[in-house]
Amino acid sequence: MNQSRRDFLKLSAAATAFAALGTPFAWSASPQGQQQVEKWVKGVCRYCGTGCGVLVGVTGGKAIMVKGDPNNHNEGLLCLKGALLAPVIYAPDRVTQPMIRKGGKKGQLAPASWDEAMNLVVSKFKESIAKNGPESVGYYGSGQNLTEESYLANKIFKAGLKCNNVDGNPRLCMASAVGGYTGSFGKDEPMGSYSDMDAATCFFIVGSNTSECHPVLFKRIASRKQKDKQVKIIVADPRVTNTARIADMHLPLKPGTDLALLNGMAHVLLKEELDDNRFHSRYALFKAMEDGKPVDKSFEDYRKFLEDYSPEKVGQITGLDPKQIIEAARLFANSPSTMSLWCMGLNQRKWGVFANQLVHNLHLITGKIGKPGSTSFSLTGQPNACGGVRDTGTLSHLLPAGRLIANPEHRAQVEKFWGVPEGTINPNPGYHTVAMFEAMGQGKLKCMLILCTNPAQSMPNAKKYTAALAREDAFVVCIEAFGDAETLRYADVVLPPAFWCEREGVYGCSERRYSLVGKAVDPPGQAKPSVNILVDFATRMGVDPKLVPYKDSADVWDEWRRMSAGTPYNFAGITRERLRKESGILWPCPTEDHPGTKMRYVRGEDPLVPADHPDRMFFYGTPEKKAYVWMRPHRPAAEEPDADFPFVLTTGRVIDHWHTATMTGKVPELRNAFPDAYVELNEADAKKLGIANGDTVRLESRRGSMDLPAKVGEVCRPGLVFVPFFDKKKLINDLTNDAVDDISKEPEFKICAVKVRKA
Ligand code: MGD
Ligand code: MGD
Ligand code: SF4
């Protein structure tokens, strides 16, 4: 690193100040530093789903600094994590050669050659498939993989090995958003884009701590508010986060009561005739589930359903003042344009899909959709959960481009494109994430290939699943870049991947924008791109070479691009050459001269809507070509507080750490900002329990207990405690609940019941 220590100190002081204001720190590399750079390589930040464009400064074959790409959507801005990515590449604990564990699970990892390691992996996978069938192996991937890596792993397992046990951490993250979009619009992914943030006059932010988790987008929202005084921000979050601090209205609802709040707002909209009758009668259908089946309903049925959600009743359920619920609904409807934004506060819930659909409902009944600034926009967590996993269908029930395993036509289409015999793809969906680890714990799943994720720290109710990984008959392969990842404790084989800008490939962020991560530097030691590792794995497994005819990720991209043609995900026009030249393109983008699409489903904007379509909007994703307004009743969390466990524990993130901190924990400026985990609790609760700031507090759930230092303040509402999950010394997931959403199978990380006392 050629960055001077003084630069870093200045950087870190400024960053701390900005973080306290809830504003991202926009860093410019110092002019002297920039002069040393021999070449700048265009890429994308490898952290959050904002997907900021970066330029990596390279000198003497080393990445020495990172600055924002002025031509990408972030217009040169980065938060501190992105700005400090270069030193992570050179962390001393990079995995640079294959390793094999000797002497069983309690033994040590020892260096091995690629041949030794791959031969062992393949012999174990082959043996398991021969003895127990393809269902006995699985792939567990990540929304941080390149698109090419996810697409390829999906193809190798589903078509090459006839195994649908293909899932990944987006199941812990975005699955409920996928369920929401596909349930309400027929197809996944938001219809709007970041540019809606520049036009919205009302932001409804629910269950998203945007300021810490999507800092550069938060900056865009905050700037919009600064520039235009009529802009209003509503934040619904049980904590007074930095995001809530800029809100005109904060709704500190009881955790897990969003379904009531959202139905309550819809109740007010109809009661006060703030709905847009012309819009919903033309573009929406009303639906409910009866006896496990979707049935058609009328607008009147919907009105009757909402009678149960008067502001007074919703006030009792949510703990909010009924006046606030009325006022929030009015702001939402009366604002010229309204953009909803949400993230894990809605998704990581037992009723996460319902919550997503109830947000869509508000837009559909008010017609606040498909116009600049009016859209329901789910913020994606990881840099490539959308492009890499959702779009390529790298989940156990999906196939590429929104197709379903369970649909025979979809399987046939994919088999034809991949050139495999009809009937190759197993008609039964594989294990979703929690089920996959459960199956390993039961000895049914014998071999797991883990790529770019750290489940030993990130799974809910983690002890149960680390016990599965620790079984002597569980063969665990990790393709992992850093030596301190908790999951390596359970790995039988570790393979060294090229990290971030050490290989080339595509990331697709929250707004359907595909951007290229350019290769800036060589990987260290024996590390190699995961695409090459996967091709090697498939070849040694005896998969038909015609299935994996790739020399590099560009070949994989080209195949996937061609496969998307003619589907609702059509990005056939996003060639590698275009990606090299341009700083990101939004799909649909069917031809090479198409500029990309900012507003889906809108005539004149979305190339998939016929130019002569009689209506301005066309929801082509559903069989009836209309969007669905779902009647979803309020339901409690899977584990509500009670006399024994009277507090709610919620878990999440802090601005300066990325998930399990294997990367951000290596950067002193980030680590020093948040060295250790803590428990945040309300000052009134602390007073009652005799707890002062800094005291050690014991948290106990039905699954485990843990001691943490107290951070007493006004952030949590009474009855709620919050713990971040970055600290591997304090594995808070030993306490969290692994109950999953009925539809999306996403776990309820956000709510479990705990006891709290001074230790
Ligand atoms: P979280 O901290 O998980 O972050 O981004 P966010 O979802 O914004 O939780 C969001 C908020 O949900 C919290 O403020 C919490 O108080 C609130 N919440 C809890 N329960 C409820 C509830 O019942 N109702 C409502 N309305 N709100 C509730 C997550 C996103 O961040 C993701 S998914 C990923 S993968 C990325 N990870 C990440 C990171 O690790 N670090 C940083 N700094 N940024 C990140 N960006 C991405
Ligand atoms: P990461 O730290 O992102 O967390 O959980 P994980 O995916 O498990 O793990 C990425 C791993 O990949 C790290 O070990 C890192 O060192 C490694 N790595 C980094 N770059 C590369 C690379 O280029 N190649 C390879 N092969 N490896 C690399 C995230 C998950 O956590 C998510 S997405 C969500 S939304 C959940 N959120 C959540 C929560 O809100 N609360 C609690 N309590 N738990 C949660 N768990 C989930
Ligand atoms: Fe990276 Fe997200 Fe920060 Fe942008 S906002 S620099 S994508 S971590």
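Tutor: Contact here means heavy atoms within 4.5 Å. Please keep in mind that this is a predicted model.

Student: Leaving aside neighbours within four places in sequence, with which residues is histidine 594 in contact?

Tutor: Histidine 594 belongs to the loop between β22 (585-586) and β23 (627-630). Its sequence neighbours within four places are set aside. The contacts of histidine 594 are then Arg578, Pro588, Cys589 and Pro607.

Student: Is histidine 594 buried or exposed?

Tutor: Buried means under 20% relative accessible area. Because histidine 594 has a relative accessible area of 15%, it is classed as buried.

Student: Which residue has its backbone nitrogen 2.9 Å from a polar atom of the side chain of histidine 594?

Tutor: A polar contact requires a pair of N or O atoms within 3.5 Å. The side chain of histidine 594 has a polar atom 2.9 Å from the backbone nitrogen of glycine 596. The residue asked for is glycine 596.

Student: What is the omega of the peptide bond from tryptophan 587 to proline 588?

Tutor: Proline 588 is found in the loop between β22 and β23, and it is one of the residues in contact with histidine 594. The bond that joins tryptophan 587 to proline 588 is cis, and its omega is near -5 degrees.

Student: What is the relative accessible area of cysteine 452?

Tutor: Cysteine 452 lies in the loop between β17 (447-451) and α21 (455-458). Although cysteine 452 is not a glycine, its phi is positive, at about 70 degrees. Cysteine 452 is partly exposed, and its relative accessible area is 22%.

Student: How far does helix α9 reach from its first C-alpha to its last?

Tutor: Helix α9 covers residues 215-227, which is 13 residues. At 1.5 Å a residue, the expected reach is 18 Å. The reach in the model is close to that expectation, at 18 Å.

Student: What covers the buried residues of α9?

Tutor: The buried residues of α9 are Pro215, Val216, Leu217, Phe218, Arg220, Ile221, Ser223, Arg224 and Lys225. Their cover includes strands as well as helices. Among the covering elements are α3 (80-83), β8 (202-206), α8 (210-213), β9 (232-236), α10 (242-245) and β13 (338-342).

Student: Which elements give two or more residues to the shell around ligand 3?

Tutor: The residues around ligand 3 include Cys45, Cys48, Cys52, Cys79, Lys81, Gly82, Pro215 and Val216. The elements that supply two or more residues of this shell are α3 and α9. By class, the shell holds eight nonpolar, three polar and one charged. The elements asked for are α3 and α9.

Student: How much of the area that ligand 1 exposes when taken alone does the protein bury?

Tutor: Of the 33 residues around ligand 1, the nearest are Asn209, Asp237, Gly256, Arg653 and His657. An oxygen atom of ligand 1 is 2.7 Å from a polar backbone atom of glycine 256, and a polar side-chain atom of arginine 653 lies 2.7 Å from an oxygen atom of the ligand. Taken alone, ligand 1 exposes 920 Å², and the share of this that the protein buries is 100%.

Student: Which elements each supply at least two residues of the shell around ligand 1?

Tutor: The shell around ligand 1 divides into 13 nonpolar, twelve polar and eight charged residues. Each of the following supplies at least two residues of the shell: α8, α16 (344-347) and β24 (647-652).

Student: How far is a polar side-chain atom of glutamate 480 from an oxygen atom of ligand 2?

Tutor: Ligand 2 is surrounded by 34 residues, and the closest are Gln144, Ser458, Glu480, Thr660 and Thr662. A polar side-chain atom of histidine 659 lies 2.8 Å from an oxygen atom of ligand 2. For glutamate 480, the corresponding distance to an oxygen atom of ligand 2 is 2.6 Å.

Key: Residues numbered from 1 in each chain as written. Chains lettered and ligands numbered in written order. Predicted model: local features only at pLDDT ≥ 70, side-chain atom pairs only at ≥ 80, totals over all residues. Heavy atoms only, no water. Helix = DSSP H or I, 4+ residues; strand = E, 2+ residues; numbered from the N terminus. Expected span 1.5 Å × (residues − 1). Buried < 20%, exposed > 50% of the residue type's maximum accessible area, 1.4 Å probe, protein only. Near = heavy atom within 4 Å. Polar contact = N/O pair within 3.5 Å; in protein donor to acceptor, adjacent residues only side chain to side chain. Areas by Shrake-Rupley, 256 points an atom, 1.4 Å probe, with all protein chains shown as cover. Nonpolar A, V, L, I, M, F, W, Y, C, P; charged D, E, K, R; others polar.
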